[in-house]
Amino acid sequence: MVRKIFTFIFFLFSLFIYAQSIEGSIIDGHHKPAVETEVVITNDTEKFSAITDQNGMFKIVLNKNGIYLLEVIHDGIKVESEKITVSGNLTKDIHIKENTPFEQKIEGVSVSIKKKLFERKVDRLVFNVENSIASQGIDVVEALAKTPMVRATDDAISIAGKSNVAVMLNDRILNLSGQELINYLKTLRSDDVAKIEVITTPPAKYEAEGKSGLINIILKKKADMGWNGSLQTSGSYFYGKPTVSARSGAGFNYQGNKLSLTANLSAGDNYWDSSSYNYLTGTTNSNYWNTDSKELYNNKYKGANLKGEYKISDKHLVGFNYNYSFGNPFEKAENYTSIFNETGKLNVFSDSKNKNHRNLHNTNAFYDIKLDTIGSKLSISGNVLINNAHADNFYNTVTDTKVSTLTNPVSRYRIYSGQADLEKNFVKIKTESGLKYTKIKNASDFNFFNIENGQYILNRERTNTFIYNEENFAAYLSTSFKINDKWDAKAGLRYEYTTLEGISLNDNSSANINYGKFFPTAYLSYKPNENNTFTLNYSRRISRPYFGNLNPFKYYTSEYEYNTGNPYLLPSFSDNFELGYVLKNNLNITLYYNYNKDNWDRIQVVEGNLKYSIVKNFYNQNQAGINISYNYNKLTWLESSAFLNGFYVKSKSYLPEAVAAPAGYGANINMDNNFFLNKEKTLTLMLGIWANIPNRIGNTYFNGNGSVYTGIKLNLMEKKLMINLYLNDALNTDRNKGTEYYPNYNVEYYSKGTSRNMLFSVTYKFGNNDIKGATKQMKFEESNRAGGSNGN
């Protein structure tokens, strides 16, 4: 009885002290009641809130009179903020204006703010994947294809037409390249991605290697405990071909209080069929060297990835990452060649069958220490990459007689690196500094055999061993700071010293090269208001040759043709400038200019009845252009993105062996459209196109090409089951064609592969969808250098 009396007295007392209130209605920009809109009222110590009903009405009871801050949150965006004075009951009607500016930070209030679709930071362009409906329920390769300035396919990833792009996960370089990288990204779901950052001029923190920039994939941060898994399978049917390409994969994530684990398995069978020609025609005589080819490529591969992280304490984190991949691609080719020169005419038929075996192991570990509560951190990491590759390549050359040979290239390369990175933050300034050491060792044996009467006879003149050693020492320092509310700045300096040695045992020759270079970076950002952002960037970069291109052994494809490397090949350097502008977070415009010095590429050389290709530094290049990206999502049933990269290129050759292509314009275009066929947006029709108009690089003129693709995407079971059906290159127009220029001849080339195919894929995810497992990656950019060696 006493308890009931006290409860009744407390109730009466509560009515007395909460005598003040504020109530009213909220009308949206279309003059309709703003339903399910949050109203937040705060003072120095307390917060009160309410949600509007179906009529847009709200009421909040307060415990005292006074001055309060009133804020209105509509569709996750703060659209109203004002100070009010409460004395008794207050009626407040609010009308939300269209296109009302909003702030993203609300002091003292925890609110989920809807992010912009993409935004320009001082040193990168950020695409908020979680805010794009079209980018949900797909794998990360498909999400990259919808990212401004990025083109991603099942074969390669590029930025604004540039290849060899490095990909990071949570600000750490993925130690994968080529097909291994694509396979891994296909095991990741776009639903787990918060944003994708496109970094066209990387800061000093990252390696100065490469001219193509970086892509940084940031995963969502979740604190949920438990596990989840995923299964994927896909297959591609090629019109009129006897086989298909297939891929299967599985993933597992575990998140505990201290331990996080992530594991991925993948296996597949890639198929590629192409026909091509290479026509060399004399410009000062009637000589020619014409070759028609048919090629088949089939690669059976498998791979595994295991990552683990252990949280020792709130300040200490350790982890490891292990990748393994195995491939045994089979290559088959037939070549029909007609040669005409001063000695007369010669018809040659050659064929080849290549059986390759490639094993790659990559292990790295890290230790992170948090130094304070404002983000300062020390990271120490080490990396080891071990690759073993060998092949059995059989060649036949038929003229009046038949010559049969076997080559057995064996490659064993090792890459070791260790680094320390320090991030030290102050109230208004953030600094980054670090040291890194890298050692590369490669031993390549090229064994050449003549096959006579079924016997393998070693040809010592064509057999060679090449030993390559490289050391790289790097140090960097950068700082970023906010000048005021509208201006941000960042600057850095990186120094890299490289020493390399190449030894060819067959001809008893060697090359020793040492060089040290500074690589400055600078960034400036101006944001006058929420709708406009301007940026100005500069960076200096280096492009080192793949060490496979440094190997001088002669890789014969017939008795009349071979490829060779160049042990005296030097790196090329580029200076890059960018002026960027973003309008209303939908339109991105970037003006750019770069100067490239000592660029290298393969050139073709004819000497009588012998033709070979060799890699040389031979040209400098100026390039200026404009990138335009636009994302449209105003309609509930459509989300579209468009990208245009237009540029002007002028090259100058400084070697007599090659003639620069005429200066001129070029462009890359990409459009991606997603039509949502139901209200829940779980059924989507996709339609897109990409195209390249003719352009020039070095001594090569590239003809235009393009492709149309379409498909259906279906998400079921709350996006746990994803089904995709794609038709790639629907019009069968994707091909490569162009012309190389030389002093006494031009070379016209053409290649058309099995680009038109039907892809069907199914992905099923089970367990707790909010678990991300171990996500940290280590920086190991040197692994990309090995990609050009092709295992030889």
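How much accessible surface does the protein chain have, and what share of it belongs to carbon and sulfur atoms? About 36500 Å², with 57% of that belonging to carbon and sulfur atoms; the areas come from the Shrake-Rupley method with a 1.4 Å probe, and for residues only the protein chains shown count as cover. What you're looking at is a predicted model, where local features need pLDDT of at least 70, side-chain atom pairs count only at pLDDT 80 or more, and totals for chains, interfaces and linings use all residues. Residues are numbered from 1 along each chain as its sequence is written, and side-chain values use heavy atoms, with hydrogens and water left out.

View 1. Helices (H or I, at least four residues) and strands (E, at least two) are DSSP runs, numbered from the N terminus. The chain runs to 792 residues, and 50% of them count as buried. Here buried means under 20% relative accessible area, exposed means over 50%, and partly exposed is in between (1.4 Å probe, protein chains only). Take the contacts (heavy atoms within 4.5 Å) with a separation of 6 or more: 66% of them come from residues 24 or more positions apart.

**View 2. Ile22 in strand S1, residues 20-27.** Ile22 counts as buried, because its relative accessibility is 0%. Beyond the residues up to four places away in sequence, Ile22 touches Ile41, Phe58, Lys59, Ile60, Leu70, Ile84, Leu90 and Lys92. Asn89 is 67 residues from Ile22 in sequence, yet their C-alpha atoms are 5.8 Å apart in space.

**View 3. An open sheet of 6 strands with mixed pairing.** Reading across, the order is S9-S10-S15-S16-S13-S14. Strands S9 (118-120) and S14 (172-173) stand at the edges with a single partner strand each, so one side of each has no neighbour in the sheet. Two strands pair if DSSP finds at least two bridges between them. S13 (residues 166-169) and S16 (residues 214-219) pair in the parallel sense, over 4 bridges, and Met168 sits opposite Asn216 in S16.

**View 4. The largest nonpolar core, with 34 residues.** A nonpolar core is a set of buried Ala, Val, Leu, Ile, Met, Phe, Trp, Tyr and Cys residues joined through side-chain atoms within 4.5 Å. The members that touch the most others are Leu144, Ile157, Leu185, Ile215 and Ile217. At least two residues each come from S10 (125-127), H2 (140-145), S11 (150-152), S12 (157-159), S13, H3 (178-185), S15 (193-199) and S16. Zoom in on Ile215: leaving out residues up to four places away in sequence, its contacts are Leu144, Val150, Ile157, Ile159, Val165, Ala166, Val167, Met168, Ile196 and Glu197. Another core, of 22 residues, lies apart from the largest one, and includes Phe553, Tyr556, Ile614 and Val747.

**View 5. Strands S24, S25 and S26, joined by hairpins.** S24 (residues 377-398) and S25 (residues 402-425) pair in the antiparallel sense over 20 bridges, with Asn383 opposite Ser417 in S25. The hairpin from S24 to S25 goes through 3 residues. S25 also pairs with S26 (residues 429-452), in the antiparallel sense over 22 bridges; in that pair, Pro409 faces Phe446 in S26 as its opposite number. A hairpin through 3 residues joins S25 to S26.

**View 6. A nonpolar patch on the surface.** The patch is made up of Phe426, Ile429, Phe481, Ile483, Trp487, Leu524, Leu536, Leu579 and Leu591, which together have about 780 Å² of accessible area. Patch residues have over 30% relative accessible area and no salt bridge; like charges are joined within 9 Å, and nonpolar side chains (Val, Leu, Ile, Met, Phe, Trp, Tyr) within 5 Å. A salt bridge, for the record, is a side-chain nitrogen of Lys or Arg within 4 Å of a carboxyl oxygen of Asp or Glu. Phe481 belongs to strand S28 (residues 464-482), and its relative accessible area of 34% makes it partly exposed.

**View 7. Strand S37 between its partners S36 and S38.** S36 (residues 610-632) and S37 (residues 638-653) pair in the antiparallel sense over 14 bridges, and form a hairpin with 5 residues between them. Asn620 stands opposite Lys652 in S37. S37 pairs with S38 (residues 664-676) too, again antiparallel, over 12 bridges; there, Tyr648 has Tyr665 as its bridge partner. Val649, also in S37, counts as buried at 2% relative accessibility. Setting aside neighbours within four places in sequence, Val649 contacts Gln621, Asn622, Gln623, Ala663, Gly664 and Arg696.
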